[in-house]
Amino acid sequence: MTTTTQAPQIPTEVVTHAPVQDVVLPGGAGVLALVTLDNGKDHTRPNTFGAESLAELQTALDGLRARAEAGEIQAVAVTGKPFVFAVGADLSGVPYVTSRDQAVESGRAGHRAFSTLSDLPVPTFAFVNGAAMGGGVELALAADYRTVSAGVPAFALPETFLGLLPGWGGCYLLPRLVGPANALEVITLNPLSQNRMLAAKEVVGLGIGDVLLEPADFLEDSLRWAAGVLTGAVTVERAPVDLDDEVAWDAACDAARKTALLKTAGKAPGVLRAVELVRAARTASREEAFAAEDEALGDLVMSDELRAGLYAFDLVQKRAKRPAGAPDKELARPVTKVGIVGAGLMASQLALLFARRLGVPVVMTDLDEERVAKGVGYVHHEVDALLEKRRVSPDQASFLKRTVTGSTSKDGFADADLVIEAVFEEMSVKQQVFAEVEAVVPAECVLMTNTSSLSVTEMASGLAHPERVVGFHFFNPVAVMPLLEVIPGERTDDATLATAFAVGKRLKKTCILAKDSASFVVNRLLGRFMGEYSRIVDAGTPVEVADRGVAGLAPMPPYVLLGLVGPAIALHNSETLHRAFGDRFHVSPTLKRVVEAGKRGYYATDERGRPVPDPEVEALREQPESPVQLTADEVRAQVLGAIAEEVGLMLSEGVVQAPMDIDLAMITGAGFQFWNGGIVPLLDREGVSERVLGRRLLPHGVASVPA
Amino acid sequence: MPRELQEVVFVDGVRTPFGKAGEKGMYAQTRADDLVIKCVRELLRRHPELPKERIEEVAIAATTQIGDQGLTLGRLAALLSGLPKSTPGYSVDRMCAGAMTAVTNVSSAIGVGAIDVAIAGGVEHMGRHPMGEGVDPNPRIVAERIVDESALVMGKTAENLHDRFPRLTKERCDAFAVASQRKLAAAYEAGKVQAGLVPVATRHVEKGWGLATADEPPRPGTTLEELSTLKTPFRPHGNVTAGNAAGLNDGATACILASEAAADELGLPVRMRMVSYAFVGVEPEVMGIGPVPATEKALAKAGLTIDEIGLFELNEAFAVQVLSFLDHFGIADDDERVNPWGGAIATGHPLASSGVRLMTQLAAHFEEHPEVRYGLTAMCIGIGMGGAVIWENPHHTEHGKDA
């Protein structure tokens, strides 16, 4: 697929071939026809199934059917190329599917080919030698038996993560193999949990694979095992699945549905449909079930949610790796030592991240010994936690503890190549810090600011070398959130900017170039969103109604999110934006009172950690003289309208390079949803951008079904 | 510290089926290191009684130590085979006698008590690494006539042997080759060879995965008439042909060696006991004669005579060099004690791997022939050497008594 705004060109399919070789099994077990899936590329371009690939597999299996009937072969097995079994449907063609019939037919073609394997008159095996996802897993499920290499790095049915569902047999075969609860863990739960994948051991643990074999001689062992199955030397034991226990079956489906609703607010169609297919699998015939999968594929492939999901997937897979607007990476300077001004929580997180990812000395400075000790202590504590979780080895832990040091003097910056400040968010303080740093550091040292809202240009203005200052805005928690906003000031030179992008990449962050403007990208748009939401609630709409209006937009309701961010930070952000842009950005009087009262959020938590209304906060709420109660739909229209207006302004001001960067930022920096494509496709889909801006932001077909 | 010497025993050996080198060979797209790893894995699979951490050395031979045969192959093969990180390893090169040298090296270490259990083997993927790949011969070799120029081309050294021993005619060589093919075919027919083979999954981008379960080079049913028509590539109107020489092959071998005490302790089978070994240099341009002085030295060390050797596993690099050995010791060309399952002319000779094939096969012969007390494995070695190892049959009634 493509994320450019030019007319899309249909890509040529990378065909996964299906050559067959006969293997004489040991122990007189007969001849096994071994089908290899191989697209002729290395592991970086895994096997996928497009139309031509399915046709080749179909032809191979049809040939084997004839040979099996003629008694020439006694078994059939399918395996992959090195490190890859198959990763499912070739989704690169989806943007060019323009009719529902095409989508349904792609479902049928997969079912036909995989069922041909299932229906062979000899025992069939899948030797899952490497990564298996989606249709790859479903092909394995179509076989009678499965061996799994302990080296399989990922095994998953990730379809519902994108807004699709396992439509080549997965919703039927898997629950009937391992029961509805295990099946739904793989089909719905894992995809909705940051698209979690199964490790090889879990595949066998769940009963999906019959045996786990070591990678060194996996194929030889699989063939030996298959021979054992044929001769009866190996008995395959599986936990029975009770198809008559309607109550338990439905309970598992109800539970999965409830979780899905909680995580998606019902806005992602694929996952709910998948649950219902699993529910029906208990009683449906294979033909009925597969036909239902075909129909579901027809509906979902033609849904804007799936198109948006694929668009989002492409953003995080491809655009994230090549930041738009970044200068030539050859200009980047090496970084062999890092200085950090400040030893507070943010600074300490940065210290650990730089030390882990760059492997260079990191010096933290602060005003007094106590703060310095606290910052270094934090790093040591976190390193110990990593060691405990075996995320680092004892040697690595020892290195990290020694490489992060602290001081009350900035003398340690004298040979630093990069100094980042993470001090109090106040222009005069930051300017002074940079002046002090500049007095110590070498001429080419890059100075970074982790400001979330202040002007980089202004911060650099008093320096002898403002060209080496760049904004480097992390999101909290630093170790978890993938986004990094890179902000050049007016005078920032290319070498500095290139260094920032190069460092961002080594920190394994998704870098986005943002213009030096108030609160940059995520905080500005999130600020507008939260402001508009607060404006509505402050005017008298109940929170429950407002939450329904914005359901499925952010990963959690706004006031829950606010508790996570911290009311003081949220207030500061809204005030900054209000100062910069005026009344578009609402500063909530309730929020002010919450901050003054020292509350840590709008909610208290109950004994199970769930947010519940806090009576003290309720007492602080704005009580309008004449309350205005909006409906959920009205809330949605107003909030999305505000967001669309802000997106339009950010694009015209050049805050980002393209609408795609707004989506990439909101997905990686604020956890916005794949099935909304972040935010812009949702604005287009619901007609908000046309209503507010008079135009779509992305052409039809880029993140939606082509018109 | 007084030193106590240990007896060394051969526990078990396996090999991959041997393939034809080149684009069309079955291992064309299979890595060399993977071949030897399959052998190590098979030994572990066959001997669950041997705890992995008891393996104290992995010595793997390869003549061309480049690419997938480089990088301290013994150590990497150990790691990639799932042996513990505490198991060390190294690479060995003595050209064709690489695996034989790996065996004698680790046996020596066992003998002096430095270690108790080791794996030794060899690999040569002559398709991926043709003989002579990347070599840079010192110009002094030619300038100072250190060796004859023909010494670096093995086929020419075989022709030189014909010159030295005119009675070793092409006809005798061809007859020996036909017998080699016939004996291997019979051994396959009887299911003897297969027992020592490791099935290997063969990778091929266009053909898909396959499984190698038998040698690719053999040409059963080869006749004298067919051989008489073959070209003599090393000399016009010469004697050496593709039919009376080993070919260019891919394959790997590995075996377990242990101290007798460790074998007893762990319950490892004892299939041979090492008696003596020797490597001796000869004129490089007639390297094929090498096994003669090597065997004489090994016999002398053991206090044995050639008459006491009841079974011979001689590597058939060239028929003429095997015949030169037999002639020297007065053994008939068709003596049935010699290469009972045929030899490298039929199975193939992936250079550095072949030594262990000889030993694995001798061990099998010992089991069939308890009346034989001593056996010999011997081979010629490029650049003018020979290697010989004498083994004692544990199934013989006199085994273990004073030799």
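Student: What separates the centres of domain 2 of chain A and domain 3 of chain A?

Tutor: The centres, taken over C-alpha atoms, are 31 Å apart. This is a predicted model, in which local features need pLDDT of at least 70, side-chain atom pairs count only at pLDDT 80 or more, and totals for chains, interfaces and linings use all residues. Residues are numbered from 1 along each chain as its sequence is written, with chains lettered from A and ligands numbered from 1 in the order in which they are written.

Student: Where do the domains of chain A lie?

Tutor: Domain 1 covers 20–302, domain 2 covers 329–513 and domain 3 covers 522–654. Such bounds come from an automatic or database domain assignment.

Student: How many residues does the contact take from domain 2 and from domain 3 of chain A?

Tutor: Five residues come from domain 2 of chain A and five residues from domain 3 of chain A. Two residues are in contact if their C-beta atoms, placed from the backbone, lie within 7 Å. By class, the domain 2 side has one nonpolar, two polar and two charged residues. Ala, Val, Leu, Ile, Met, Phe, Trp, Tyr, Cys and Pro count as nonpolar, Asp, Glu, Lys and Arg as charged, and the others, Gly among them, as polar.

Student: Why do β12 and β17 of chain A stand at the edges of their sheet?

Tutor: The open sheet of eight strands has the order β12-β11-β10-β13-β14-β15-β16-β17 (chain A), with mixed pairing. Strands (E, at least two residues) and helices (H or I, at least four residues) are DSSP runs, numbered from the N terminus, and two strands pair if DSSP finds at least two bridges between them. β12 (404–407) and β17 (510–513) of chain A each have a single partner strand, so one side of each is left without a neighbour in the sheet.

Student: How do you know that β13 and β14 of chain A pair?

Tutor: Four bridges join β13 (residues 418–421) to β14 (residues 446–449) of chain A, and pairing asks for at least two. The two strands therefore count as paired, and they run parallel.

Student: What makes helix α5 of chain A largely enclosed?

Tutor: A residue is buried if 20 or more other C-beta atoms lie within 10 Å of its own, exposed if 12 or fewer, and partly exposed in between, with C-beta atoms placed from the backbone. Seven of the nine residues of α5 (residues 170–178) of chain A are buried, so the helix is largely enclosed by the rest of the structure. Among them are A:Cys171, A:Tyr172 and A:Val178. Their cover includes α3 (135–142), α6 (180–192), α10 (269–281) and α11 (286–301) of chain A. After α5(A) comes A:Gly179, with a positive phi near 85°.

Student: Which strand of chain B is mostly covered?

Tutor: That is β10 (residues 309–314) of chain B, with five of its six residues buried. Five bridges join β10(B) to β11 (residues 374–381) of chain B, and the two run parallel. B:Phe312 stands opposite B:Leu376 in β11(B).
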